[in-house]
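Q: Could you walk me through this structure, starting with one of its pockets and then moving on to how the chains meet?

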Amino acid sequence: MGAIKMELVVEELADGVTRAALKGRLDIDGAAAVDQGLRNLAGGRRRLVLDLTDVTFVASMGLRTLIVCARTMLANGGKMAIAGAQPNVDRVLSVSGVDQVMTILPSLEAAVAAMR
Amino acid sequence: VDAWTKVADRLSAIGPVLAWADAAAKDAGLSAERRDALQVCLEEVLANLILHARPRARHKAIGVGVSTDSGAVTLRVADACQSFDPRIAPPVADSGLRSGGRGLRLLAAFASGLDYRSGDDGNELVMTFRDSCP
């Protein structure tokens, strides 16, 4: 752990959907690395898909980052979905109850479709 | 306790402690899956202490101990804050998009065992991780 720096890559898709792809470990250091970037996206986009396909781990502070992003989107009248969570990440999302308050879909395609 | 470290009362102190505990767990032969569980729980506990706990006196005096025995890794998280027993504190039933209230669910699901004691000398949360469960 600690060797992989968290990455955030932003891609504008069709129909006003923004894909934010995260890569790495969304632990406390990873969350700190992408927190401001996600806040900026949440404040300026109306349809946001967080692609977690390449996220290998998520913990408390990572969940907090995701929730703050979703809360900002909701406050601004936007929509957000999480896509592609690996089984271990998906388990943290479900155990914590995040899956009850966010749209979580298995694939990027399904998440993008849910934004339209 | 095989090793012990103090934890400063700031979020930036958590990362090095997680790495330290993970190295001990790896040396003990804990599987990658259970090491991730350990990381989830330890980050949750330390973040809660740093962000939310109220010290009884001037300092929170947070410390983490690691011990290993027969493939199990035990973490002891000590503090001098107001007591908070995660085994009996009611989880938030519906916290919506509030960012808090979810940690107890993670601890209960990812630690193989949880114990807690509180006394005049402070609190201690004991979390055990082994490959056989849960």
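**Pocket and interface**

A: In the second largest pocket, α1(A) supplies the largest share of the lining, 6 residues, where helices (H or I, at least four residues) and strands (E, at least two) are DSSP runs numbered from the N terminus. This is a predicted model, in which local features need pLDDT of at least 70 and side-chain atom pairs count only at pLDDT 80 or more, whereas totals for chains, interfaces and linings use all residues. Residues are numbered from 1 along each chain as its sequence is written, chains are lettered from A and ligands numbered from 1 in the order written, and side-chain values use heavy atoms, leaving out hydrogens and water.

Q: Which elements give two or more residues to that lining?
A: Those elements are α1 (28-44) and α2 (60-75) of chain A. The lining residues include Asp29(A), Arg39(A) and Arg64(A), and among them are also Leu11(B) and Ser12(B) from chain B.

Q: OK, switching to the interface: how many residues of chain B are in contact with chain A?
A: Contact, meaning heavy atoms within 4.5 Å, links 22 residues of chain B with 27 residues of chain A.

Q: And how many salt bridges does the rule find across it?
A: The rule, a side-chain nitrogen of Lys or Arg within 4 Å of a carboxyl oxygen of Asp or Glu, finds 1 salt bridge across the interface of chain B and chain A. Arg25(A) forms a salt bridge with Asp36(B), with the closest N and O atoms 3.6 Å apart.

Q: Which helices of chain B supply the side that touches chain A?
A: On that side, α1 (14-27), α2 (32-52) and α3 (103-110) of chain B each supply at least two residues, and α2(B) gives the most, with 7 residues.

Q: Last one, about Asp15(A): where does Asp15(A) lie, and what does Asp15(A) touch?
A: Asp15(A) lies in the loop between β1 (7-12) and β2 (17-26) of chain A. Not counting residues up to four places away in sequence, Asp15(A) touches Arg47(A) and Arg116(A). Asp15(A) and Arg47(A) are 32 residues apart in sequence, and their C-alpha atoms are 8.9 Å apart in space.

Q: Remind me how a pocket is defined here?
A: On a 1 Å grid over the protein atoms alone, a pocket is an open set of points where a 1.4 Å probe fits, with protein on both sides within 12 Å along at least five of seven lines, and lining residues have an atom within 4 Å of a point.
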